[in-house]
Amino acid sequence: MNQIPEVIRTIPLEYYLFFSAALFTIGVIGVLTRRNAIVIFMCIELMLNAVNLLLTAVASYRGDSSAQVFVFFIMAVAAAEVCVGLAIIVMTYRNIRSTDVQLLNYLKW
Amino acid sequence: MITAILLFWPALAALLVLLIKGQGAKKVAFGAALVEFALSLFALSGFNAENGGTQLALNFPWIESAGISFSIGMDGISLLMVLLTTFLVPLIVLSSFKHDYKNPNVFYALILFMQTGLIGVFVAMDAFLFYFMWEVALIPIYFIAAVWGGENRIKVTFKFFVYTIFGSLFMLAAFVYLYLQTPGTHTADVNAFYQLALDSGQQSWIFWFLFIAFAIKMPVFPFHTWQPDTYTESPTQATMLLSGIMLKMGIYGVIRWLLPVVPMGVSQWADLVLILSIIGIVYGSIIAIRQRDLKRLIAYSSIAHVGLIAAGIFTLNEQGLQGGVIQMLSHGINVVGLFFIIDIIFSRTNTREITSLGGITQNAKSLSIFFMILLLGSVALPLTNGFVGEFLLLSGVFQYNYIYGAVAGLTIILGAVYMLRMFQGVMFGTKSEATEGFTDLTLNEKAVLIPLVIMVFWIGLFPNTFLSISEPAVMNLLTIINR
Amino acid sequence: MQEIVMPLNNQGMALLCLLVPILPLLGFILNGLGNRKLAKGLVSMIGCGTVLASFLISIYLFLDFTANGSRAYMVDYYNWISAGNMQIGFSFMIDQLTLLMMLMVTGIGFFIHLYSAGYMSHDENFGKFFSFINLFMFSMLLLVMGSNYVMMFVGWEGVGLCSYLLIGFWNKNTNYNNAAKKAFVMNRIGDLGFLLGIFLIFITFGSVSYPQVFAEAARYTGGIDSNIMIAITLLLFVGAMGKSAQLPLFTWLPDAMAGPTPVSALIHAATMVTAGIYMVLRSNVLYVLAPTSLEIIAIIGVATAVLAATIGLAQNDIKKVLAYSTVSQLGYMFLALGVMAFSSSIFHVLTHAFFKALLFLGAGSVIHAMSNEQDIRNMGGLRKYLPITFITFLIGTLAIAGIPPFAGFFSKDELLAHVWEHSKVLWGLGMLASFMTSFYMFRLVFLTFFGTFRGTESQRSHLHESPMSMTLPLIVLAILSTIGGFLGIPAVFGENMHVLQNYLAPIYGYAQVANAAAVAPLHIDHATEWMLMGISVAVAVVAAIIAYVMYVSKKTVPVAEGSKLSPLHNLIYNKYYIDELYDTIIVRPVMWMSSALHRFLDVIVVDGIVNGFGKLVMQSGRSLRYAQSGAIGFYIMVMVFSIVLILFLNFFIG
């Protein structure tokens with residue numbers, strides 16, 4: 001049974017880099033272009049996970065586990081964020097019957 | 001230890017005063033201020049006047065990892081400033097007895113709280129503690145002026161607040177820079193700052209950073225425009241605190257944190273500062289001549305007096321510095337007295353316009369005498385307190401540069417012009433509608449004025465009592481500056 | 001080589017010296033606090049008594065001084081101001097000059113106090129008057145007794161304050177208050193000069209104490225007429241100009257006549273205004289090192305003497321005439337100082353104090369009798385009603401005009417002889433002033449006491465000779481004005497008869513060391529001296545005769561207010577418009593500047609810049625707030641592009 005890091009190392013590092021960059025970009029573009037708050041939320045998760053993936057890969061390649069600790073932190077933060085964020089979205093929906101962020105422009109000058 | 005008690009007693013008393021409902025607060029505040037004065041006299045008795053260094057010191061770590069310590073202590077100059085504060089605050093509290101301010105407990109608590117800030121500024125021996133106290137002193141006066149002030153109080157006090165905060169930002173920046181220059185794990189101790197070896201380029205800009213902060217507080221021309229408005233709009237007690245004590249923070253700051261820290265910067269820019277100060281003297285005096293509002297007139301005269309003090313201390317000779325120290329005391333006493341007299345006149349006539357006053361001497365003999373004495377102190381008549389300071393200051397400036405001395409000396413002439421014009425307009429001539437039923441001083445008012453007048457003559461006749469306290473400290477500073 | 005000033009170790013004597021100024025100060029405090037509470041009799045007892053005591057102590061000090069070999073001594077009380085190398089003691093120096101001034105000030109002061117007790121008896125602020133005038137005595141005594149320049153300055157400013165308080169004594173009257181303020185401010189202009197002079201002395205000699213300064217000056221190596229010496233002496237002289245009402249700072253003195261008449265006599269004629277002469281005389285060693293300054297002093301002195309005399313010709317107010325005559329006589333004294341006739345100058349100070357105090361008190365007596373009328377056009381024929389006043393006033397006039405054997409003759413003659421020796425032009429001008437002096441003084445006498453009464457009926461019915469307390473000082477001063485001149489008998493009447501000069505000789509000790517040539521005694525042969533004497537007497541007599549012809553024989557009366565005058569007369573009558581000139585070139589510009597600086601520079605420029613910063617912040621906030629659109633998508637986009645930009649910059653530039 002191979003160690004997980006070894007399994008990870010069977011694929012070259014560049015692949016991970018490109019893949020997570022692609023995921024991250026998709027996330028960014030999603031956040032920028034979509035108007036549904038839930039989708040934006042999912043895109044944010046996508047970006048976070050892109051980073052997680054990269055961190056894990058680099059940790060394996062360098063044989064340094066400290067980057068993996070960050071992954072746990074990010075997951076914890078993401079979970080907390082979902083809690084608060086979804087709650088906000090639900091409340092918004094109850095108030096304006098929509099999750100369109102374009103409609104939420106009351107906080108201005 | 002006594003220094004720490006001096007520092008914290010007013011704050012403690014402020015909390016106590018806060019709990020008291022109704023006008024009883026003023027009596028408690030007065031008592032607390034008197035206790036503070038007694039404490040400062042006790043500190044004086046434990047002070048060794050021969051020694052020029054910091055005494056009665058207390059030092060324990062505050063933010064240990066950053067090398068910032070809670071370091072307080074006094075040398076002769078600090079002690080005199082503390083004594084001035086503790087002497088004036090009870091009188092300022094006493095002077096308010098005839099007013100029934102709304103929320104008196106808050107009003108008096110703020111005054112006492114401010115005293116802690118003021119004393120903190122004078123005893124802090126750590127740059128960050130100094131900065132902290134500098135801001136602590138500002139907050140209460142802001143509220144006093146903004147809540148109990150005149151019609152335009154909000155606008156005027158806001159300007160004052162932003163102005164001074166703007167200045168202190170520069171000071172903070174300079175302190176941080178100096179702090180980072182200290183060797184090893186950094187420290188903000190005053191003596192470490194004195195030992196820094198900065199090149200003249202660094203000193204030059206640090207000089208300006210610090211100078212702007214202090215110049216705004218003093219205020220030196222052209223940083224003065226907050227002052228006449230603030231003095232005019234604030235309640236008299238706030239004006240007294242501002243002009244009598246707070247203004248000295250700026251000068252004290254220069255003596256403690258500017259001159260010995262960046263001596264090269266000072267020698268580079270002293271000429272410019274002297275010129276600005278001297279412009280301030282003539283400028284303030286000339287403007288004062290035509291002012292019609294009494295408070296505003298004294299405010300402008302204050303610019304002139306402070307200009308002379310600033311000019312004197314930047315000459316870096318002993319007459320100038322000693323003159324500056326003694327003149328800080330004298331100016332504090334005179335200006336508080338004059339503002340109080342204006343308050344008395346205002347409370348009886350409801351006007352501060354010179355043109356609508358007149359003939360008061362006929363009704364109020366005692367008031368005329370007190371007014372005259374304080375005025376003479378202010379125009380530096382020999383044997384009153386103002387003379388000693390002005391004589392030494394002018395002598396210092398004259399030694400620095402003959403022309404500067406001669407121009408600064410115009411204050412002697414112009415001071416007489418605006419003060420006598422004011423006195424004549426208010427006290428002499430025929431009675432006006434407003435002054436018809438003017439009544440003479442009450443016992444309470446005399447109780448405020450008598451200690452002030454005693455000090456006018458004490459400093460005038462025996463200035464060495466005070467000069468000898470500050471002399472070793474001044475010598476010590478001069479050695480540091482000239483090393 | 002010169003006298004050495006010894007410190008005094010005798011406690012008793014030190015106390016006595018201190019009592020001389022302190023007693024009047026005590027009177028000031030008692031009368032000041034007790035104003036209106038004390039009875040008038042008690043007030044005048046305190047007021048006069050303290051001064052009398054000072055006078056007696058001064059006499060004792062004088063006798064003691066001469067009995068102990070005339071050695072100058074210092075009395076140190078305590079260290080007043082000390083800052084670094086500047087040490088200023090509160091101490092007195094007693095020497096010949098000090099004692100002379102002390103005797104003069106307390107002596108004449110006492111008689112004027114006595115006179116005041118009668119003159120001011122109807123005034124409601126009787127106590128205030130005595131307290132102020134006692135304070136004046138205190139200050140004046142500090143001025144003459146102080147042992148250093150700062151002490152002199154203390155007295156100097158003190159007398160200025162008292163002068164201010166007393167000119168504005170009747171402070172309901174705005175004109176009087178303005179006169180008081182003018183006096184104080186003009187004096188302060190001089191004081192600034194004095195103060196700068198003190199600083200320069202300190203810088204040059206490292207001390208302000210007389211013995212040290214003079215000893216240093218005697219050793220001065222900078223030579224005669226060095227710039228620094230000229231600067232010191234001229235700065236001090238600026239102080240003297242203010243106090244002693246010399247050109248261009250003389251206009252306050254005539255206005256100062258607003259004060260009660262005894263004040264005019266004591267402060268503005270006999271004592272305070274001679275402080276400038278005292279100061280120059282005291283600093284004689286410095287002045288002999290700067291002959292150029294002396295030259296300037298002589299010119300200013302003679303110019304003042306002539307100018308003031310011409311104005312005096314046309315004045316109609318009895319006190320104004322005397323005031324201008326004071327200015328003119330002070331000009332004489334400075335002329336004498338300028339030609340280094342130091343002793344003659346102080347001699348004239350002394351005789352002038354006698355006769356001018358007498359004249360003022362006489363004028364006061366006239367005003368008192370005339371129910372506060374001061375215009376001589378409304379007087380006339382008063383000799384019948386006021387015989388004592390008339391005789392004493394006439395003696396004063398004879399003295400000031402320089403008719404022998406009255407006091408003014410001796411001092412003026414001696415003074416002019418020195419001037420003759422120095423410069424014939426100055427002497428000529430001095431003679432001209434002397435001629436005019438004699439003329440306007442006799443004009444005053446003739447218009448006041450001769451002819452017929454021109455006042456109202458009610459005034460005539462009130463005419464009365466003044467009470468004893470007022471006439472006694474007149475008589476005493478008249479006697480002094482008659483015999484005072486014999487203190488300085490000129491050499492033609494016998495060698496070494498000049499008591500005053502011999503007495504004062506020691507105070508020039510240092511000056512002799514510093515510049516021996518300057519203080520050489522007068523070398524003038526007897527024939528010339530006789531001639532000069534003859535001329536000056538002749539001039540005075542001729543002027544008196546002209547005045548007699550004009551005002552007694554022809555009964556001319558000066559034209560009433562508002563009538564047309566010849567241009568020259570108009571110019572003189574309006575005092576050459578000097579007040580107006582000062583008003584235009586100094587007062588108005590300063591006032592204008594005061595408003596302009598405040599309204600324009602302070603409120604608009606400086607405060608404008610400050611408020612401008614505030615406005616800038618507000619304005620930028622106002623325009624930038626539209627970026628806050630509320631659209632989340634926009635915010636995120638800006639954020640993303642900013643991050644990209646930062647990364648980009650980081651890669652390709654950083």
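1. In chain C, three strands form an open sheet in the order β1-β2-β3, and their pairing is mixed; strands here are DSSP runs of E of at least two residues, helices are runs of H or I of at least four residues, and both are numbered from the N terminus, while two strands pair if DSSP finds at least two bridges between them. Because β1 (6-7) and β3 (86-94) of chain C each have a single partner strand, they stand at the edges, and one side of each is left without a neighbour in the sheet. The pairing of β1(C) with β2 (residues 73-83) of chain C is parallel and runs over two bridges, with C:Y73 in β2(C) as the bridge partner of C:M6.

2. This is a predicted model, in which local features need pLDDT of at least 70 and side-chain atom pairs count only at pLDDT 80 or more, whereas totals for chains, interfaces and linings use all residues. Residues are numbered from 1 along each chain as its sequence is written, and chains are lettered from A and ligands numbered from 1 in the order in which they are written.

3. Chain B contains 20 helices and two strands. Its radius of gyration, taken over C-alpha atoms, is 21 Å, close to the 23 Å that the globule rule gives for 483 residues, so chain B is as compact as a globular protein of that length; the rule is 2.2 Å times the number of residues to the power 0.38. Along the principal axes, the C-alpha atoms of chain B fill a box of roughly 70 × 55 × 40 Å.

4. Of the 483 residues of chain B, 63% count as buried, that is, with 20 or more other C-beta atoms within 10 Å of their own, the C-beta atoms being placed from the backbone.

5. B:L112 lies in helix α4 (residues 104-123) of chain B and is buried, with 26 other C-beta atoms within 10 Å. Neighbours within four places in sequence aside, the residues in contact with B:L112 include B:P10, B:A13 and B:V17, a contact meaning that the C-beta atoms, placed from the backbone, lie within 7 Å.

Definitions and conventions
Buried ≥ 20, exposed ≤ 12 C-beta atoms within 10 Å, placed from the backbone. Contact = placed C-beta atoms within 7 Å.
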